[in-house]
Amino acid sequence: MLRIENVSKIFHKNRPDEKVIFKNLNLSVKKDEFITIIGGNGAGKSTLMNLISGSMFPDTGRIFVDSRDVTSLVEHKRARIIGRVFQDPLKGTAPNLTIEENLSLAMLRGSKRGLIFGTSKQNLNFFKEELSKLGLGLEDRIKTKVGLLSGGQRQSITLLMATIVRPKILLLDEHTAALDPKSRNNILDLTEKITKNTQMVTLMITHNIEDALKFGSRTIMLRHGEIILDLEGEKRKSVNFSKLQDDFGF
């Protein structure tokens, strides 16, 4: 489903502050795999997501989604096949638009059609049905502006927007880090519910070792742009990640 071949990325190339983020990185991800990604600051976690989403391009190498070479495809053209949720609940939604209008925009993601805010009765019923699955009562507040919601509610809407048009890949860039513990747990439960029983690839960055082991089916650890651990299933339980966390400071 997702294949990264010999990807290299250098910031400030040929300058005194040159920084090599990736050098010939390779990663292959199968359909419906849920990978948790851990690593210290500067390991390349968010840069990896930027390269996959198309908000940044590699210097060398290629990126494939479903055998399609998307290396040079700009971000908005990848939007229909790649959904992304950021750490900041303020990103990913338009605060001055209602929940209904935000979901309408998400339905148009990757479409060549113009932005149309009118919502059909069929779409409205669909939105309410999807919102009811969040268990937050937002289906009864569909005309509320998103800017009036709490951080946890807003992140729930963002997660729904990223997956309402089912993408092939879902990128979760520390999407619970800015939330209070209760909201964090709700978002993680919602994430598991949305990604379960789909063929969607999910990549989730987290600094929480427990979350890295509890969620998903595979865990990789990045250090200085290299994958130094890549473990699946039961093998994840045999590694002392707490010691690794202390050793590498993340």
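This is a predicted model: local features need pLDDT of at least 70, side-chain atom pairs count only at pLDDT 80 or more; totals for chains, interfaces and linings use all residues.
View 1. Leaving aside residues up to four places away in sequence, Ile 4 touches Leu 25, Asn 26, Leu 27, Leu 48, Ile 52, Arg 62 and Ile 63. Ile 4 also belongs to the largest nonpolar core, where it is among the residues that touch the most other members.

**View 2. The largest nonpolar core.** This core has 30 residues. Those that touch the most other members are Leu 2, Ile 4, Ile 37, Leu 48, Ile 52, Ile 169 and Leu 203. Two or more residues each come from the strands β1 (2-11), β2 (19-29), β3 (34-38), β4 (60-65), β7 (169-173), β8 (201-205) and β9 (218-223), and from the helix α1 (45-53). Strand β2 gives the largest share, 5 residues.

**View 3. Helices α5 and α6.** Two packed helices are described by the angle between their axes and the distance between the axes. Here α5 covers residues 151-163 and α6 covers residues 181-195; their axes come within 10 Å and cross at roughly 15°. Because angles under 35 degrees count as roughly parallel, α5 is roughly parallel to α6. The crossing of these two helices is right-handed.

**View 4. Residues between α5 and α6.** On α5, the contact is made by Gly 152, Gln 155, Ser 156, Leu 159 and Thr 163. On α6, it is made by Ser 183, Ile 187, Leu 190, Thr 191 and Ile 194. Sorted by class, the contact has 4 nonpolar and 6 polar residues, and no charged ones.

Note on methods: Residues are numbered from 1 along each chain as its sequence is written. Side-chain values use heavy atoms; hydrogens and water are left out. Axes are lines fitted to C-alpha atoms, for helices over the stretch in contact, and angles run from 0 to 180 degrees between N-to-C directions. Helices (H or I, at least four residues) and strands (E, at least two) are DSSP runs, numbered from the N terminus. Angles under 35 degrees count as roughly parallel, over 145 as roughly antiparallel, 65 to 115 as roughly perpendicular and the rest as oblique. A crossing is left-handed if the near helix is turned anticlockwise from the far one by less than a right angle, and right-handed if clockwise. Contact means heavy atoms within 4.5 Å. Ala, Val, Leu, Ile, Met, Phe, Trp, Tyr, Cys and Pro count as nonpolar, Asp, Glu, Lys and Arg as charged, and the others, Gly among them, as polar. A nonpolar core is a set of buried Ala, Val, Leu, Ile, Met, Phe, Trp, Tyr and Cys residues joined through side-chain atoms within 4.5 Å. Buried means under 20% relative accessible area, exposed over 50%, partly exposed in between (1.4 Å probe, protein chains only).
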